[in-house]
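Q: Can you take me through this one? I'd like the overall picture, then some local detail.

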Amino acid sequence: MLQKVQLKPLKIGRYTLPIPIFQGGMGVGISWDNLAGNVSKCGALGIISCVGTGYYKNSAFIQKAVKNRPFDTINFYSRESLFEIFKNARKICGENPLGANILYAINEYGRVVRDACEAGANMIITGAGLPTNLPEFTSNFPQVMLIPIVSSAKALKILCKRWEGRYKRIPDAIIVEGPLSGGHQGVSYEDCFKPEYQLEAVVPQVLEESKKWGDIPVIAAGGIWDRKDIDKFMDLGASGVQMGTRFLGAKECDAKHYNALMLKVTKEDIELIKSPVGYPARAVVTGIIKALREGRGEKIACISNCVAPCHRGEEAKKVGYCIADGLGDGYLGDPNKGLYFTGANGYRIEKIQSVQEILDELIQ
């Protein structure tokens, strides 16, 4: 029988989290100032998504929009909006640690990393690719902790060898993410269902590799829902967990349509879909996906130029939708055109709770 594990404060470099729980960074607009600020206020780690900040407050902080969408990379990843998001989050959480999630696959990755550091991020969390050059962009910010997301021990080994060889640095913590998470996965569609790629199989391997590089905290992520799940992975040796989908049911969620949507979602509504990024992504099957399957997809026009693997809309045309437009419409609450990412447990959201209520339920 699994024993309940005592949740201890989590130390990452110079920062200590009273509650060893990361709130997953979710964009566009799911985890911005309100959600991340309140999670950090309550003693866990609130993480601001740096994806699609040009949509923040109806593009009030960007230089140019086309068809009400942020035009090109400079506006989709708006520096001004990001600074405003951090400023407003700090009004909520004060000096408590606050993270920034930045996908490695985005265009202008290095610029956005520097923007986040200057905006006041205490930790940079980065996945969707192996961030082999992340320390290059944070050399002027020694106070910022670097936390890569990996999906295997092999990926961690490659990353640590590269960081130590080039930058004389190793990660301050590691997130290992399994294939039950929301959004983009780190393995192929077929591998998402194989036992050897599940989180409980990968965490011990990553822990073993991490010990070769020092005392690095390992954070388990992907499909973690309740205290039973937390205890399971802490018992395996993880120092903490990351939970994204659970916070889609938070009153403070910045993308408000999620609160109404998730209460109606069934297990059968959640599927892995093709993405312009090249890896499968887990989402709620809503109007945009149904339309594609019926051959009613809209014409693709790459306005925001969001991710490098899409090759300025070429991959979007192959899968039938623009990920920037879909996520942007999701943030704006469009039930037909919006793209809504969720983890495999999204159907388990039965009520909308405050961040404090969610954390109380998890830690008691």
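**Overall shape and two elements**

A: The protein exposes about 15200 Å², and carbon and sulfur atoms supply 49% of it; accessible areas come from the Shrake-Rupley method with a 1.4 Å probe, and for residues only the protein chains shown count as cover. This is a predicted model, in which local features need pLDDT of at least 70, side-chain atom pairs count only at pLDDT 80 or more, and totals for chains, interfaces and linings use all residues. Residues are numbered from 1 along each chain as its sequence is written, and side-chain values use heavy atoms, with hydrogens and water left out.

Q: How many helices and strands does the protein have?
A: There are 12 helices and 16 strands. Helices (H or I, at least four residues) and strands (E, at least two) are DSSP runs, numbered from the N terminus.

Q: Why call the protein as compact as a globular protein of that length?
A: Its radius of gyration is 19 Å, close to the 21 Å that the globule rule gives for 364 residues, so the protein is as compact as a globular protein of that length. The radius is taken over C-alpha atoms, and the rule is 2.2 Å times the number of residues to the power 0.38.

Q: And what box do the C-alpha atoms fill?
A: Roughly 50 × 45 × 40 Å, along the principal axes.

Q: What percentage of the residues is buried?
A: Buried residues are 60% of the 364. Buried means under 20% relative accessible area, exposed over 50%, and partly exposed in between (1.4 Å probe, protein chains only).

Q: Switching to strand 7: which way do its residues point?
A: Strand 7 covers residues 98-101; Leu-98 and Ala-100 point one way, Gly-99 and Asn-101 the other, and all are buried. In a regular strand the side chains alternate between the two faces of the sheet.

Q: What does strand 7 pair with?
A: Strand 4 (residues 46-49) pairs with strand 7 in the parallel sense over 4 bridges, with Ile-48 opposite Ala-100. Strand 8 (residues 123-126) also runs parallel to strand 7, joined by 3 bridges, and there Asn-101 stands opposite Ile-125. Two strands pair if DSSP finds at least two bridges between them.

Q: Why is helix 1 largely enclosed?
A: In helix 1 (residues 33-41), 7 of the 9 residues are buried, so the rest of the structure largely encloses it. Among the buried ones are Leu-35, Asn-38 and Val-39.

Q: What covers them?
A: The cover includes strand 3 (21-23), strand 4, helix 3 (79-93), strand 7 and helix 12 (355-363).

Q: Which residue just after helix 1 takes a positive phi?
A: Gly-43, at about 105°.

Note on methods
Contact means heavy atoms within 4.5 Å.
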